[in-house]
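Hi everyone, thanks for coming. Please have a look at the structure on the screen, and then I'll walk you through a few parts of it.

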Amino acid sequence: MIPLLSVVVPIYNVEPYITECLKSLAAQTLDDIEVILVNDGSGDGSRRVAADFVARDGRFALIDQRDNLGPGPARNVGIRQARGTYLAFADSDDVVPPEAYERLVGTLAETGSDLACGAVARLVDGVLEESILHERAFRRPELCTHITDKQVLVRDRTVWNKVYRRDFWERNALAFPAGIYEDVPVAMQAHVLAGSVDMVGDVVYHWRKRDAGETSITQRRAELPNLWDRLAAIRSVRSFLDERAPELLAGFDALVLEKDIVFLFQALEGSDEAGALLELADAWLATLSPKALATAPSLRRLELHLLRRGLVAELRKVREFRRTCEDGTRIVPRGLRVTNWYGDYPFFRKRRRLRIPDEVFDARDELKLVARVEECAWTGSEYRLRGQVAIHRVDRKVGKVNLWLSDGRRRVPLEVRRAGRHGVSVAFDPKRLEGGGPTWRLMVRAETRGLVLKSWFRDGDANSAWRFSVPGWSRSGMDITQ
């Protein structure tokens with residue numbers, strides 16, 4: 001019988017981990033699956049473990065390759081043997097949660113989308129942590145979307161947190177290239193070529209950081225050959241996006257500058273011979289768009305400036321500074337008649353021999369207003385709100401603060417009282433809101449040294465906007481009723 005889902009698993013020297021991986025696949029709540037194991041020339045006991053599973057469970061099959069060709073070619077071999085309506089991939093040192101494939105396949109069956117993807121947790125020393133690679137991609141699940149509409153999916157560059165329709169895969173002739181970062185180009189191509197994509201909010205994959213045996217490819221990412229392969233994958237993706245979805249290039253370049261280039265910095269920090277790495281750095285910087293380099297956050301621009309000039313010792317000092325700033329880096333104002341805002345980083349207006357332009361440190365675009373409601377109470381005649389207003393990363397009192405309630409059409413100004421450095425409080429009679437709403441946001445405008453910022457208040461430590469609802473004058477989460 002034809003299985004509903006085929007799962008392809010390349011295997012290479014993962015004896016300490018493969019049993020847990022294969023057990024997780026055998027325990028899937030979607031049991032109509034086949035698991036195609038491709039032994040990619042393992043030299044340890046991985047093949048024996050795989051063979052034991054094949055002997056015990058008829059849903060498992062084993063393909064042997066004498067030579068180690070890499071995970072991409074191994075996956076291609078497995079795909080050619082796949083019979084399922086849907087296709088998935090798992091790495092043999094990772095773990096798939098029990099309901100993952102049932103959730104992903106069920107979503108595709110419901111929507112008709114070409115692929116479904118979900119959140120990822122990092123498995124570190126037996127403990128699950130958030131995957132920083134995927135951290136912003138799956139905060140809001142959405143069905144029948146697309147990467148050009150939901151551009152946060154540019155951050156979703158892995159193939160194993162997904163299920164694909166096999167006819168979609170074959171229709172677009174998708175295949176893994178050789179090399180280390182074989183999944184990044186394929187993941188991006190699939191996202192762009194898909195008619196629609198389903199994003200589920202559940203964690204569907206546990207991505208392991210190895211603590212025994214051979215280190216994984218991603219744990220050797222600061223090695224020179226590994227960095228060249230990463231650059232090749234980046235170039236491949238950029239070439240594809242330039243042709244098929246140029247509107248995604250800015251987001252992709254920004255992600256490379258946020259995540260990938262860190263490994264180049266780490267290599268330079270740990271190397272006594274920087275020559276070959278600086279040559280590689282020139283190739284990286286030449287690959288990315290000038291706009292992406294110019295609009296990176298100010299601390300990253302400083303690192304890039306030092307990298308471009310080959311100032312390795314200074315770069316190491318800035319990297320150490322970044323690591324030791326537990327509370328974040330400060331932004332400071334400079335200027336009398338006209339105030340500019342700069343990152344307070346090493347070498348700012350120091351060591352004149354370096355001649356680093358002020359614009360490298362320019363952080364005005366990074367300033368944002370932080371406003372949070374801490375308490376809201378009903379006195380019997382009015383509501384009293386207390387909160388905090390500050391400028392993120394600016395260590396000084398906000399100058400002038402204005403608050404008002406807005407329903408999107410009306411604006412009801414509030415009298416503000418200041419308390420301490422950042423405290424604000426207001427009181428208002430809800431009758432002032434009659435005829436409007438039903439939902440109001442608490443808005444804020446702050447001015448400091450010519451800098452004007454606007455925002456809305458948020459709930460305590462949450463990311464959601466604080467909202468005041470009428471009629472009934474009830475505020476969800478605050479236990480406020482009239």
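How many bridges join strand E1 to strand E4? Four, and the two strands, E1 at residues 5–11 and E4 at residues 86–89, run parallel. A quick word on the model: it is predicted, so local features need pLDDT of at least 70 and side-chain atom pairs count only at pLDDT 80 or more, while totals for chains, interfaces and linings use all residues. Residues are numbered from 1 along each chain as its sequence is written, and side-chain values use heavy atoms, with hydrogens and water left out.

Now some terms. Helices (H or I, at least four residues) and strands (E, at least two) are DSSP runs, numbered from the N terminus. Two strands pair if DSSP finds at least two bridges between them.

Back to E1. Val-8 sits opposite Phe-89 of E4. E1 also pairs with strand E2, residues 33–40, in the parallel sense, over seven bridges. There, Leu-5 has Ile-33 as its bridge partner.

Is E1 covered or open? Mostly covered: seven of its seven residues are buried, meaning under 20% relative accessible area with a 1.4 Å probe, protein chains only. One side carries Leu-5, Val-7, Val-9 and Ile-11, the other Ser-6, Val-8 and Pro-10, and all are buried.

Finally, let's visit His-305, in helix H11, residues 298–308. His-305 is buried, at a relative accessible area of 15%. Leaving aside residues up to four places away in sequence, His-305 touches Ile-356, Pro-357 and Val-360; contact means heavy atoms within 4.5 Å.

Key: Buried means under 20% relative accessible area, exposed over 50%, partly exposed in between (1.4 Å probe, protein chains only).
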